[in-house]
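Thanks, everyone. Let me walk you through one model, piece by piece. Please look at the picture first.

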Amino acid sequence: MIRVLVRHEPIDPAAEFAALQASGVGGIATFLGVVRADDGVTTLELEHYPGGTEAALRRLVGEAVARWGLAAAAIVHRVGLMGPGDLVVFVGTAAAHRAAALESCAYLIDRLKTDAPFWKRETRGAEARWVEARETDSTAAARWQDS
Amino acid sequence: MPVDLLYFSWVREAIGMGGETLELPGDLVTVSDLIDWLAMRSEGHARAFAERARLRAAVDQVFVGLDAPLGRPHEVAIFPPVTGG
């Protein structure tokens, strides 16, 4: 199973997990990204590139499935307006063994951060600003190139 | 053939629209050439494209460097570094 979805509606992590579990293999890894509630952000708005986003995510998932021999993989990313505590992204991978599941899950979220066209806009009270890309994200994505 | 140009995030805001469809001159070789040409269209375009180091692009939905050949695309998107996840 390969599932790539960009949606405005809240993410249901239990349903996403169940879909991975249905693959029947022995290892599942998941990453959930959450709107942080610890630095005064009142709302987070996510813009994306319709069509281009799905194409980028499908490419990443395809690479991960080929590289780690995954039985199933899912990326579900929310867009639009969110609040602190809301789920932004669900990444899940299923493989016969834990190393493949864990590594491929880390790979997908690292690469998503630099290779998928999403843009975050944070509001703190009356002040809104576009979030700047971070150098640490580029470093995290680059580590997968050599191994 | 007309090309769909798409703008996102603060590039979209500076230009004042999410996209436009334009007939491109034949002498644009790279993505950077296209940005140079677009920058002349309005003050908003010029402002959006002033800092090249802060721009990224996708040609027909594939991320490319600004020095990449433009080819004969259907769709070119220009945007800031991405911040999803």
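Start with two helices in chain A. Helix H2 (residues 52-68) of chain A packs against helix H3 (residues 98-115) of chain A at an angle of about 155°, and their axes are 10 Å apart. Axes here are lines fitted to C-alpha atoms, for helices over the stretch in contact, and angles run from 0 to 180 degrees between N-to-C directions. H2(A) and H3(A) are therefore roughly antiparallel, a label for angles over 145 degrees. Their crossing is right-handed, meaning that the near helix is turned clockwise from the far one by less than a right angle.

Who makes that contact? From H2(A), A:Ala56, A:Leu60, A:Val61, A:Ala64 and A:Trp68 take part. H3(A) brings residues including A:Tyr107, A:Leu108 and A:Arg111. Contact means C-beta atoms, placed from the backbone, within 7 Å. By class, there are nine nonpolar, one polar and three charged residues. Ala, Val, Leu, Ile, Met, Phe, Trp, Tyr, Cys and Pro count as nonpolar, Asp, Glu, Lys and Arg as charged, and the others, Gly among them, as polar.

A word on the source. This is a predicted model: local features need pLDDT of at least 70, side-chain atom pairs count only at pLDDT 80 or more, and totals for chains, interfaces and linings use all residues. Residues are numbered from 1 along each chain as its sequence is written, while chains are lettered from A and ligands numbered from 1 in the order in which they are written. Helices (H or I, at least four residues) and strands (E, at least two) are DSSP runs, numbered from the N terminus.

Still in chain A, strands S7 (residues 118-124) and S8 (residues 127-130) pair antiparallel over four bridges. Pairing needs at least two DSSP bridges. A:Arg124 has A:Glu127 as its bridge partner. The two strands form a hairpin with two residues between them, and A:Gly125 in the turn has a positive phi of about 60°.

Now chain B. In strand S3 (residues 56-59) of chain B, B:Arg56 and B:Ala58 point one way, B:Ala57 and B:Val59 the other, and all are buried. Buried means 20 or more other C-beta atoms within 10 Å of the residue's own, with C-beta atoms placed from the backbone. S3(B) runs antiparallel to S5(B), joined by four bridges. There, B:Ala58 partners B:Ala77.

Last, the two chains together. The contact takes 15 residues from chain B and 21 residues from chain A. On chain B, helix H1 (9-15) and strand S5 (75-79) each supply at least two residues. That side of chain B has ten nonpolar, five polar and no charged residues.

Methods:
Two residues are in contact if their C-beta atoms, placed from the backbone, lie within 7 Å. Angles under 35 degrees count as roughly parallel, over 145 as roughly antiparallel, 65 to 115 as roughly perpendicular and the rest as oblique. A residue is buried if 20 or more other C-beta atoms lie within 10 Å of its own, exposed if 12 or fewer, and partly exposed in between; C-beta atoms are placed from the backbone.
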